[in-house]
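Please have the sequence and the model open while reading.

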Amino acid sequence: KNVIYSVIHQRSLEEAGRTLLGRVSRFSGCDPEAALHMTPEYVKSILEPLGLLDYPIVLITDGQDFPVLQRLLNDPDIAPKLRLVPEKSTWIGGDITLGVMANAFIGNPAS
């Protein structure tokens, strides 16, 4: 059975990670801040053209940037579809598997 879902990998980055993201953005043309903030507008700008806003969105996070979760939960389009992996169930192998198997993966190019 096919399962359709997207993954948002939200992770706060220490200074070295921010520096790496800045370097990646210069070479790739990606926005140097959008992947850090994961605003609902940013997420929807990726998922909507792919037709994936009608399917579950799984959030993988390190829990260090609570405002990101709050913004996503306050968005009327994203909140009903948002699924959180319970902290006690998250581990790197499971997180990687969720991301690899997703129809869309929205993450930070530097992580």
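Which residues are buried in helix H3 (residues 40-47)? In this predicted model, the buried residues of H3 are Pro40, Val43, Lys44 and Leu47. These residues cover an arc of only 95 degrees around the axis, so they lie on the same side of H3.

**Helix H3: what covers it**
- The buried residues of H3 are covered by elements that include E1, E2, H4 and strand E4 (104-106).

**Helix H5**
- Helix H5 (residues 92-101) has Gly93, Asp95 and Gly99 as buried residues.
- Viewed down the axis of H5, the buried residues fall within an arc of 165 degrees, so they line one face of the helix.
- Among the elements that cover the buried residues of H5 are E1, E2 and E4.

**Strand E2 and its neighbours**
- Strand E2 (residues 57-61) is largely enclosed by the rest of the structure, because four of its five residues are buried.
- Strand E1 (residues 6-10) pairs with E2 in the parallel sense, over five bridges.
- Within this pairing, Ile57 of E2 has Ser6 opposite.
- Strand E3 (residues 82-84) also runs parallel to E2, and three bridges join the two.
- Val58 has Arg83 in E3 as its bridge partner.

- A right-handed β-α-β unit is made by E2, helix H4 (residues 66-74) and E3.
- H4 is also among the elements covering the buried residues of H3.

Key
Residues numbered from 1 in each chain as written. Predicted model: local features only at pLDDT ≥ 70, side-chain atom pairs only at ≥ 80, totals over all residues. Heavy atoms only, no water. Buried < 20%, exposed > 50% of the residue type's maximum accessible area, 1.4 Å probe, protein only. Pairing = 2+ DSSP bridges. Right-handed = clockwise from strand over helix to strand, strands pointing away. Arc of directions from axis to C-beta. Contact = heavy atoms within 4.5 Å.
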